[in-house]
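This report describes the aromatic pairing, the fold and the surface of one protein. The sequence and structure are shown first.

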Amino acid sequence: PVSLVRAPVRQSLLGRLADPFRDSRLMAYCQPAAQFCCGFPVEFGVKFILLFHLLRSLICLAETALVVGFRGAEYDYLSIGRTHLIALSVFALAGVPLILGGLWAVQNKLESPLRLYW
C-alpha cells in the first residue's frame, strides 16, 4: 500500500528553479513488501530468486566447461563465441559465493551478507 504525505512547499523562487519537480503537494512513500508473488512469504521469494540465480550461474559454468574445456561446439547454445562465453562464466563464477552467502544469510536471518548479494 502507498501512503500519501504532505510535502513541505518551498516558497522561494530560487528553490523552485533549482528543483522544479519538488513542487508537488503530495509525495508517495512505499511500505516494505509483505508478500512475494501474490501470497507467498517474502523469505520464500528471496530463496527462490537466489536459487534461480544459482541455477543460471551453474548452467553457464557447465556450458563453458563443455564448449571450452571439452571442445564440444555442439553444446554452444548461446552461439556467442568462446571469448564471450568465458567472460560470462567469470561473472557467473564470481557470483556463486555471493549467492551462497545470500542463502546462508536468509537461513540465519542476517541482513548484512544478503546486502552483499544485492
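## Aromatic pairs

Across the whole structure, a search finds four aromatic pairs. In one, the ring centres of F40 and F44 lie 5.0 Å apart with their planes at 35 degrees, so the pair is tilted. Rings of Phe, Tyr and Trp (its six-membered ring) are paired if their centres lie within 6.5 Å; planes under 30 degrees apart count as stacked, over 60 as edge-to-face and the rest as tilted.

One aromatic cluster is formed by F36, F40, F44 and F48. F40 counts as partly exposed because its relative accessibility is 42%, and F44 counts as partly exposed at 39%. Here buried means under 20% relative accessible area, exposed over 50%, and partly exposed in between (1.4 Å probe, protein chains only).

## Basis of the model

The model is predicted: local features need pLDDT of at least 70, side-chain atom pairs count only at pLDDT 80 or more, and totals for chains, interfaces and linings use all residues. Residues are numbered from 1 along each chain as its sequence is written, and side-chain values use heavy atoms, with hydrogens and water left out.

## Fold and surface

The protein has four helices and two strands, in the sequence order β-α-β-α-α-α. Helices (H or I, at least four residues) and strands (E, at least two) are DSSP runs, numbered from the N terminus. Of contacts (heavy atoms within 4.5 Å) between residues at least 6 apart in sequence, 43% join residues at least 24 apart.

Buried residues account for 18% of the 118 residues. The accessible surface (Shrake-Rupley method, 1.4 Å probe; for residues, only the protein chains shown count as cover) comes to about 9300 Å², of which 68% belongs to carbon and sulfur atoms.
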